[in-house]
Amino acid sequence: MTFEWIQIPYSLMTLLIVIIYAFFMTALIAKIGARAGRRYGIRIHQNFLDLFKNYSLRSSITHGYMFYLAPVFRLTGGIGLLLFVPTIYGSQMFSNLSFAGDLILALYFIFFGTLGMALGAAESGHPYAAIGISRGLSQVTMAELPFALSVFAIAVQYQTLSVTDIVAAQQGGFMNWTVFTNPLAVTAAMMSFLGTMMRSPFDLHLAPQEIPIGPPTEYHSSYLALMQTNRNLFPVAKVVIYMNLFFGGATNWPVFFLKVFLIYLFSAFVGVVFPRFRVEQSIRWFMVWAVPVGIAAILLV
Amino acid sequence: MAHIAMFTGFALILMGLYGALTNRNIMRMIVFFTIVNTGINLVLVAVGYLPGRTAPILDDVVPASEAAAKIIDPVPQALVLTAIVIGLGITALMLAYAYKLFELKRTLDISKFRELKW
Amino acid sequence: MVMPSAFLIIAVGLGGAFLLGFLRNEWRATAFAVTVLSLASIILISSMWVWGFAYGEAKPVDFLTAGIAAPFAINLRVGLPEATLVLLVGLTGLFSAIYLKASFERMGKRAMAVLLIDIMALCGIILTRDIFNMFVFFELVVISTGGLILLSEDQRALAAGFKYLIVSQFISLMFLLGTIFIYHSYGTLNIDGMTQTTAALAKGASLGFFLLFIALVTELKPFPANGWALDIYEAAHPAFSAIFSAAVGTAALFAVNKTLQIGGDAWLPVATGIGIVTFVVSNILALQQTNDRRLLGYSSIAQVGLVLVVIGQRDILGDKFMFVAGGILLAHTVAKAGLYWLSGMVSGRELQAWTVLRKNPIMLFAFITFIAMLSGLPPFPGFYAKWELAHALFASGRYGLIAFILFGALVEAGYLFRWFGFIIKREMSEERVVFLVRKVMVVFVTALGGWWLSYIWGGLSSYKNILYNIPFAFALAFMLLEWLPAKVKNTIAIIAMCAYFYISYPSYDPLQLIFGMIILLGGAIVLLASYNWTGRRQGFYTSAMLMYAGLSMLIVSENSFSFFVAWELLTVGSYFLMLRGKNSEPHALSYIVFSLGGAFAILSGFALAAQGIQPFALTGLGQVAQTYAPWVFILLAIGFMTKTAAIGLHIWLPGAHAEAEADVSPMVSGILLKAGLFGLFVLLMNMGKTQLYGIELTHILLWMGALSAFLGNLMAIFQEDAKRLLAYSSIGQMGYALFGLAMMNHLGWLMALLFVINHYIYKSMLFLSVGGIAKRTGTRNMFKMGGLIALMPLSFIAVLVGIIAMSGVPPLSGFGGRWIFYNAIMTVDYRLPIVLIFLSGPIAFLYLFRLIHTIFLGQLKDEHRKLKEVPFWLILPQMLFVIFLLGFAVLPGLALRRVDGYISKFFADGALNWDSSVITSNYGYWNPVAIMIIISVIFVILLAWLVFLNRKAQKVKQFNIVYAAERPYRPETTHYAWNFFASYRKAMGFLVQPIVTNFWNAITGTLHSGADVVRRIYTGNGQTYAYHFLAFVVVVFMLSMGV
């Protein structure tokens, strides 16, 4: 895999498709969530309206340099994460920029946005932002652990760290998917997945009722537009990794859309059922339920 | 004879030690130490004594050629002489100390001089 | 050369004393001249002999009295040991006499005569071969001691003297009885005559020898029959205490050594037993002392006990016996005499009173010299002796003994360095002190004598003289430059380090090159920050150079000796550096105690591995016999892990690193910690995987590494103090590196090396930034800062780059470490500890964010509104580091490629492929250049887009935030910073209970309270002391019945 200039327009195309898809899908999920709560929910194109509104706002203030950087870090993180992982298996066109690095690059790049967001939000000087970050970071330490263990387990299982190779190994029937060949690892990873999707019961860092949406409290207008784009894009990028690692990847766009939706739905499904955890509760939950599964996965692989 | 001397010597040593360890009065301790010294000297002499021999003085009675068989070993006696002298010196020093100590605190009770400890 | 007769020594002493008697009382100066001349004559005679033995053809000679051969007359012998010890005694006497000049002139000629008799008698004890003659000399010492004690102005000395006389009565009782029994059995009083008697000892002879032996041993002040000696040490005039400790102890030791020839080797264990109990117990008891002279007394007793132990090892030391015993004895005498003389110049008796030494650099130099000698640090004779002793003991399987010796030595070093800490750090009393030139010279010459002895011992040892090591000599030479301004010294230091690197790098292998670059070039970069300091900064450069000398010697050492020397040097140098911090006294102490403990473990490991074979090449670790190998492994690993501060051995680190000065923290964190890693590299490179009872020891190391990484990071997030946070994070980082090494595969080692480089860069950088900010704000507590980004943008950039690199987020160099880590664990055979490593990664994120948030972001405090950026010289190295980090992120191959090839020597499999810009392993690939470009491009485009959109954005004021429709006015109440991870503490706080700290505190607490209980046996009552003596005799008799 080497770089060719044509990959740039291809990657931009992937980006465009995924963003549009993400906007619709997120709205759909929100709608499903609302219906579960006996509400009507937002319109399916609401995200586009919001984006348009945010860009159109004329009020514009800044708290300093880092305040600019947060949305930039955040969205760079989302786009980068999407592009470092091949979207469609077997397609040279949509293998994106995965020549730059393997699975480990993607895993660590997840933190790039988190870090930038935390920095920018903190620059605003708003205590709610800091509280939100403190909670979020605390939770992520334990929530990431089962996923990391699971990734290690399947890397050992497939003897590779290349996402493409892992997907390749799962081809030829759904019984080859990791979810069936290594259910322990996938169980651990899916528990971890709940913790990173910013949904109930693991959304204390946003906690709209206590610390109005936490870190992004001070963001508005075009800042918020960038962040909102990422808010839709980033989970999808993450789900793509899950799809590739555990659910056989996707060989074409319709399969991609379906798998991403279903995986995403899982977190929404849990989210509408369970109330919010406090930090120590969620940490304990991961420690007691998810981590042992992850440990079993690395020991038994 | 030698055994009696030896026994007496040890008895004196033990008596002296007992006295020195049980009396708090510095003067008494010093006296008991002189008893110990006497005992030691007695033991020294007793160890060196050989029955039926004469004093280690070379004269007409004891010609130099037969000396080895006829005289008592002179070395322990020389030791005793030296030990007596040294014992005297130490006793004198202790007495001087006793005097100074008494000057300092107007007491001769050894258990009263305990500022230095631990 | 015709050698003077030994009788002259006695004659001069006696003659001088007699002559004094004839002088008129008013002729004080003449009397003093006579005294000095007599002592000088003794010194002259003995030094002629020493010279003759050392450089000439002199042979040991027996001098006969009355022209008759022994046993019919007394004979004196002069050999090298006798001549040396007489010289030592003479010098002690002369120096004390000079020191006592004022007292002598007040007290008159009699005092001087007594001193002469004392010295003469001590020489007699050393020279004579006749036991009764020895008795006479001993009694002379008793009498003259009784007199000299009265020199003291302290009235309590009187009681001490009397207690001494009581005990000496008992001693002479034993001595005389023993003498007569021995004479009865052997028919001679001559020691050589007795040893020639081949007949089996009769029962009486054995008892006789026991009595003689116990009498002589009691002169060595063995525990517990030594209360009298302690009282003398405490109350006597220090100049006399110097004689009492140095000369009397020496003479008595030599007497014991001589007479042990009568008893034969069977008595050596008895001597050893008495010696070791005395050594260990006295050192422990000294822990609770607050009176300087009494403390020195305990230490004296302990040291003499140690020499007695060495005498007890005569059977295994062979021809090294004189080297070892002499090394310890001379180090002890020089140091202890010097310290007593010093104590005479300090008016207060509590240890803190010695702070006045700070007023005089010569005195401080002397004090450091003395405690280094006592602690057996290189290059002093005690160091060589300790080395040889440990090797001999391990080679002959006396493990328990060496363990006790090292334990006692550690305790001793503990209280000595604690004292040193008092001197350097405690508040100095206002009182004016006069340092008399005469007394200063005595002490100074003594200290120089200590260095001269080091030179001699270095020459005598079978290794290269430590003083000949260029880096070490250079560091010492810096002492002479102390008068220069700091900036000049800084320039010299930087140039020297760069030059030394330039000279030596062609001979480095890739591993040494990495470490060498960090130590010498990296050290030079950190030193740039030191340009910020003005004035002279006394002591800073000598200490720093000492540390760097040790480090640069460490990486090139080829045998265990040079490795250990370097290890000790870097430890001492860094200790001095750490001690410079404002509140670092307890932390520096904890550092030196842990480090010396670790050093002893290393010493033991090497000695056990060598099994008596010297020199022992480090590569020889690979051929250690199977029976010893695991133990060698464990000992060395523990030693090295004290330096990397692995969990359990880490409690010294946070304080030591946090309290150090702003430019010292990066040195001791970024550079010094690598010494431990280098040691571990050496260990694992040569020994590889080692099993103990089937347990794989590298698996234990994996756990140690993982636990350190996890708990180090976890503790870091709960710190309020920025430098403590960084210090704890170092524990975690070193844990990662240890983990990498213990994986025992190619990439694990590569990762460890990458951590070596990365940790140096970002930890040095962060410590510099935080140190600079702390200088500006006047606090290290992060919650007192906040919002400094606008005021200190460069510091912010440094910290930002530092934390991105450290957290392992792409595109900076930390990611390379993570990537290699994941590839490395793919082949590891033991997976469980990895869980902890996975967990500690995100935890590191927590404290890193806290660091940058609470300092730079959030709300600016009112009192900080006018702060400026950190000074230029502190910023400069940080910016260099930023450039390195960016460069290293893009081109990691520059540094790692050669090392990767080098590691292939040890692990052929798993090497990375560096052929193109893509780095590939067996499992994955990584293209740092592409990553950097992609991320930068996306980032820049988005940034440009956002800036374009917000081109008219209005900068709002600090409190203009959406805050429940209110407006906060106080930054203190709005800056969310204190106890930042409160919720995390609720969840994980149970893991950071100070268990380890409590454990070590319990140990030291037990030692202290135990000492406090035991020392109460010294009731101060002379009669009780007599009982102690009797109990001692009985116990030793019972225990030695089997002999």
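Predicted model: local features only at pLDDT ≥ 70, side-chain atom pairs only at ≥ 80, totals over all residues.
**Figure 1. The contact between chains A and C.** On one side are 66 residues of chain A, and on the other are 64 residues of chain C. The elements of chain A that give two or more residues to this side are strand E1 (61-62) and the helices H3 (65-83), H4 (103-123), H5 (127-158), H9 (221-246) and H11 (279-300). Helix H5(A) supplies the largest share, 17 residues. By residue type, the side of chain A that touches chain C consists of 41 nonpolar, 18 polar and seven charged residues.

**Figure 2. The contact between chains B and C.** Here 31 residues of chain B meet 34 residues of chain C. Three helices of chain B each give two or more residues to the side that touches chain C: H1 (2-22), H2 (26-48) and H4 (75-105). The most come from H4(B), with 14 residues. The side of chain B that touches chain C divides into 23 nonpolar, three polar and five charged residues.

**Figure 3. How the chains are arranged.** Two pairs of chains touch, and the pair with the most contacts is A and C. Chains A and B have no contact with each other. The closest C-alpha atoms of chain A and chain B are 54 Å apart. For the model, ipTM is 0.95 and pTM is 0.94. Chain C has an average pLDDT of 91, and 98% of its residues score at least 70.

**Figure 4. Chain B on its own.** Chain B contains four helices and zero strands. Along the sequence, its pattern reads α-α-α-α. The radius of gyration of chain B is 20 Å, whereas the globule rule gives 13 Å for 118 residues, so chain B is more spread out than a compact globule. The C-alpha trace of chain B spans about 60 × 25 × 25 Å along its principal axes. Of the 118 residues in chain B, 30% count as buried. Among the contacts in chain B between residues at least 6 apart in sequence, 58% join residues at least 24 apart.

Conventions: Residues numbered from 1 in each chain as written. Chains lettered and ligands numbered in written order. Contact = placed C-beta atoms within 7 Å. Nonpolar A, V, L, I, M, F, W, Y, C, P; charged D, E, K, R; others polar. pLDDT = per-residue confidence, 0-100. Rg over C-alpha atoms; globule rule 2.2 N^0.38 Å. Buried ≥ 20, exposed ≤ 12 C-beta atoms within 10 Å, placed from the backbone.
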